[in-house]
Amino acid sequence: MTIGLEHYLVVSVLLFCLGLLGVIVRRNLLVIYMSLELMLNAANLALVTFSRFTNNLDGQVFVFFVITVAAAEVSVGLALIVALYRKRQTAHVEDLTTLKL
Amino acid sequence: MQDALFYIFAFLTLVFGFLVIANPFSRNPVTSAMFLVLTIVSLAGLFVLLHAFFLAAVQVLVYAGAVMVLFLFVIMLLDLKAEERRKIKALGVGGGLVSVGAILAIFLSSLLHTPLGATESPALEGGTVQLGKLLFTEYLLPFEIVSVLLLVAMVGVVLLSKKELK
């Protein structure tokens, strides 16, 4: 059986679900951030797959932009985490309950 | 050969991805980061199988190189010894599993019921030449906007990293 569109899409879906599970279950801000990266990568895989199987290079350009935006997002997010750690000495979501009623 | 490579890389991607979020031996964020690097490298292998050569290179250079070094740097900067002693709540795990399982079921059932016509691999090459041509003709405006975005992110990071944050 030859590898088709659906094989790659199943891998992408499973990777996305792993990332989502990490975001929900893990309580460490940095690990949550890494799970977000997993979800972005799953979306990238789906885009590249569709680009390959519809014979259209636009999807790959889009992935290029996604990678760039993800790099910017990671730098800002990590700077926020460091600033937060300086103030509160924690990177754990359960300790950050200032906005809780 | 290609099929075997697909299965190998897909298996490695999923196993390493699982080890990022739930490593049975260590809860240390550094281990997670290392497994994330491996996940990204195996994903680059899948990109090569899809003939997206430029993106595979960018994936390794930007993600596994730059972004993960940033991650590791921040992990080392923060002292996260206390994290390993924390317990994971069973309620959170159960709720997470149920909700993610529901979303997975929706995804897979929609995938099963969609007629996927394009199963033949056409001759499409995602090399540097083809992507570069597209990037600097049709996608020139988004490209320039992304450069502004990177500048904004850089300024923001410098501002956020100041000693006394107002």
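Predicted model: local features only at pLDDT ≥ 70, side-chain atom pairs only at ≥ 80, totals over all residues.

Reply: What follows describes that core and then the contact between the chains.

Residues are numbered from 1 along each chain as its sequence is written, while chains are lettered from A and ligands numbered from 1 in the order in which they are written.

A nonpolar core is a set of buried Ala, Val, Leu, Ile, Met, Phe, Trp, Tyr and Cys residues joined through C-beta atoms within 7 Å, and buried means that 20 or more other C-beta atoms, placed from the backbone, lie within 10 Å of a residue's own. The largest such core has 65 residues, and those with the most contacts inside it are Leu30(A), Met34(A), Leu45(A), Val48(A), Leu46(B), Phe47(B) and Leu55(B). Two or more residues each come from helices 1, 2 and 3 of chain A and from helix 1 (2-21), helix 2 (29-49) and helix 3 (53-77) of chain B, helices being DSSP runs of H or I with at least four residues, numbered from the N terminus. Helix 2 of chain A gives the largest share, 14 residues.

Leaving aside neighbours within four places in sequence, Phe47(B) is in contact (C-beta atoms, placed from the backbone, within 7 Å) with Val48(A), Ala52(B), Leu55(B), Ala56(B) and Gln59(B).

The contact between the chains takes 58 residues from chain A and 70 residues from chain B, and helix 3 of chain A gives the most to the chain A side, with 20 residues.

Note on methods:
Contact = placed C-beta atoms within 7 Å. Buried ≥ 20, exposed ≤ 12 C-beta atoms within 10 Å, placed from the backbone.
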